[in-house]
Amino acid sequence: MFEEENYRFCTRLSLQIMREQRECLCHDSTQHGVALYTALHETNPQVRHLRFQYYLVDWFDNHWNNLRSLLDRHPEYTVDQKKQITLFFAERFVGLLDMMSESVSMADLCIPDLLSIRKTILKKMIETSEKWEKKSDEFCLQNKKCEEQFKALIMQYDKQ
Amino acid sequence: MGDLFGQYTKVPPEYQQDNLETLCQYEEHYMRLVRNYAGEIREIQTMMENLRKERERFYRKILPETERKIQADEVLSPEAKKQWIEEFRTNMENSFRISEELISHYVTSNLNEFKDKMKKIVDKV
């Protein structure tokens, strides 16, 4: 059970992360973000679909990266506070992942377990709260792996 | 008019208090509790207002502006334009919904705590 102050802080922090990521999406859309506009200008529909998935998953993953980076900038938080904040955010974050999986761009995933593996890691993090740090690292590692997979797939199409 | 007040459970007669002193005590405790929660009430109001303004700005300004810019781009294919505008709208709306849920949970948590404290006060009065 959270203390009142911690609950308020977690809510505020989560809202801040969500807002910052929305600002990134808006900025890329209005200011011709490179990754997004590379996807938009792609003439091959399959590669465009791939690039859109890459862009959206990257946007999603950046919510988590943003959280980690915020926590790293505050060494004064205790391990227990970081754990509470991480688990609090993970519970809400799973909801965003569920919504994302219903979008048109996430149909026919180029990397089959792209979303399901993230959901599994987050759910295990919430269930086995004592292993939260390990699961958080696993989530970040999954992001990097996914980035490499996308780059390799795009390179394959570029070579054709 | 139907059963307009049917949803409200009636207070059993044995619990009804029409003693003025009791009612004044209740009101005093209630107002003190509201004052103690003034910070949270203001915080929730600010959170909701900020989200509402952001959402309004997105639908009134940002989304139409993005649609105009994308539609004006003659290089992009119609399919790409349509796909991105839809994704942009959908993912922003999903994000707004998650933020709404965050605030809603915070409200519920405070409300439950408030009700628990009120119940203790009512039991004492």
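Which residues does B:N91 touch, not counting residues up to four places away in sequence? In this predicted model, B:N91 touches A:L25, A:L56, A:W59 and A:M100, where contact means heavy atoms within 4.5 Å. B:N91 is found in helix α3 of chain B, and at 2% relative accessibility it counts as buried (under 20% relative accessible area, with exposed being over 50% and partly exposed in between, for a 1.4 Å probe and protein chains only).

Because the model is predicted, local features need pLDDT of at least 70 and side-chain atom pairs count only at pLDDT 80 or more, whereas totals for chains, interfaces and linings use all residues. Residues are numbered from 1 along each chain as its sequence is written, chains are lettered from A and ligands numbered from 1 in the order in which they are written, and side-chain values use heavy atoms, with hydrogens and water left out.

The secondary structure of chain B comes to three helices and zero strands, in the order α-α-α from the N terminus on; helices (H or I, at least four residues) and strands (E, at least two) are DSSP runs, numbered from the N terminus. Of the 125 residues in chain B, 30% are buried, and among the contacts in chain B with a separation of 6 or more, 78% are accounted for by residues 24 or more positions apart. In helix α2 of chain B lies B:R55, which counts as buried at 18% relative accessibility and touches B:E93, B:F96, B:R97 and B:E100, residues up to four places away in sequence not being counted.

Aromatic pairs were assigned to rings of Phe, Tyr and Trp (its six-membered ring) with centres within 6.5 Å, planes under 30 degrees apart counting as stacked, over 60 as edge-to-face and the rest as tilted. By this rule the count comes to 16 aromatic pairs over all chains. One of these is the edge-to-face pair of B:F58 and B:F88, at 5.3 Å centre to centre and with 85° between the planes. Because B:F58 lies in helix α2 (residues 38–72) of chain B and B:F88 in helix α3 (residues 78–124) of chain B, this pair ties together parts that are 30 residues apart in sequence. B:F58 is buried, with a relative accessible area of 1%, and B:F88 is likewise buried, with a relative accessible area of 1%. One aromatic cluster is formed by A:F52, A:Y55, B:F58, B:Y59, B:W84, B:F88 and B:F96.

The contact of the two chains takes 37 residues from chain B and 33 residues from chain A. The area buried between chain B and chain A is about 3200 Å², of which carbon and sulfur atoms give 63%; buried area is the accessible area (1.4 Å probe) that two parts lose on being put together, summed over both. B:W84, B:I98 and B:L102 supply 21% of the area that chain B buries against chain A, more than any other three residues.

Between chain B and chain A the count is four salt bridges, each a side-chain nitrogen of Lys or Arg within 4 Å of a carboxyl oxygen of Asp or Glu. The side chains of A:R12 and B:E43 meet in a salt bridge with an N to O distance of 2.8 Å. On the side of chain B that touches chain A, the elements that give two or more residues are α2 and α3 of chain B, and the largest share, 22 residues, comes from α3(B).
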